[in-house]
Amino acid sequence: MKFLAVLFISILSGCNVIVNDKTNEPMAITLIGSYFMTSKDGFLYEARCADINATVQSTEWCTGVQIFNSGNQYATTPDNYQAYKSSQKKWDEKLFTKLAFEKQRSIISPLPRGAILKITKLVRYPWRTKRLLLGN
């Protein structure tokens, strides 16, 4: 039993679970403060993001951006905001997995083609992805 516990801890200690704010890194200089225009209709939604300011890694709510009429045969988004509103409960359950004791998330608002977004932060997640955080 001790062997399994030591093995488990050893495996976990090799994993990088720290989320890093890369906003002030040289690679982010050209991105931070830049403005981008959306090229397709989309929507804003409440997402779970790693809380980089927490002393113990946890999540916080942040705003996500997604386009309408995207995905594949396994996961799709509504064709437009009207399609979402006509079957909101169905889409909310399909798009946003609800954890225990969590409110059902939903689309916050549509985001029309041509909307201007400003990059305010660059965050690196342990699974080697980066997330641009947007402001208005």
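Threonine 38 sits in the loop that runs between β2 (35-37) and β3 (42-50). The model is a predicted one, where local features need pLDDT of at least 70, side-chain atom pairs count only at pLDDT 80 or more, and totals for chains, interfaces and linings use all residues. Residues are numbered from 1 along each chain as its sequence is written, and side-chain values use heavy atoms, with hydrogens and water left out.

Q: Why is threonine 38 called buried?
A: Buried means under 20% relative accessible area (exposed is over 50%, partly exposed in between, with a 1.4 Å probe and protein chains only). Threonine 38 has 15%, so buried it is.

Q: What is threonine 38 in contact with, leaving aside its neighbours within four places in sequence?
A: Contact means heavy atoms within 4.5 Å. On that basis the list is Leu111, Pro112, Arg113, Gly114, Ala115 and Leu117. The threonine 38 side chain also reaches the backbone oxygen of proline 112, at 2.9 Å.

Q: Why is the pair of phenylalanine 43 and phenylalanine 68 called tilted?
A: Rings of Phe, Tyr and Trp (its six-membered ring) pair if their centres lie within 6.5 Å; planes under 30 degrees apart count as stacked, over 60 as edge-to-face and the rest as tilted. Here the centres are 4.9 Å apart and the planes at 45°, so the pair is tilted. Phenylalanine 43 is in strand β3 and phenylalanine 68 in the loop between β4 (59-67) and α2 (81-86), 25 residues apart.

Q: What makes tyrosine 45 and phenylalanine 96 a tilted pair?
A: Their centres are 5.5 Å apart and their planes at 35°, so this pair is tilted. Tyrosine 45 lies in β3 and phenylalanine 96 in the loop between α3 and β5 (107-111), so the pair ties together parts 51 residues apart in sequence. Tyrosine 45 is buried at 18%, and phenylalanine 96 is buried at 4%.

Q: Which residues do ring pairs link into a cluster?
A: Phe43, Tyr45, Phe68 and Phe96. The whole structure has 4 aromatic pairs.

Q: Which element gives the most to the lining of the second largest pocket?
A: That is β3, with 3 residues. The lining splits into 6 nonpolar, 6 polar and 3 charged residues, where Ala, Val, Leu, Ile, Met, Phe, Trp, Tyr, Cys and Pro count as nonpolar, Asp, Glu, Lys and Arg as charged, and the others, Gly among them, as polar.

Note on methods. Helices (H or I, at least four residues) and strands (E, at least two) are DSSP runs, numbered from the N terminus. A polar contact is a pair of N or O atoms within 3.5 Å; within protein, one must be able to donate a hydrogen and the other to accept it, and residues adjacent in sequence count only if both atoms are side-chain atoms.
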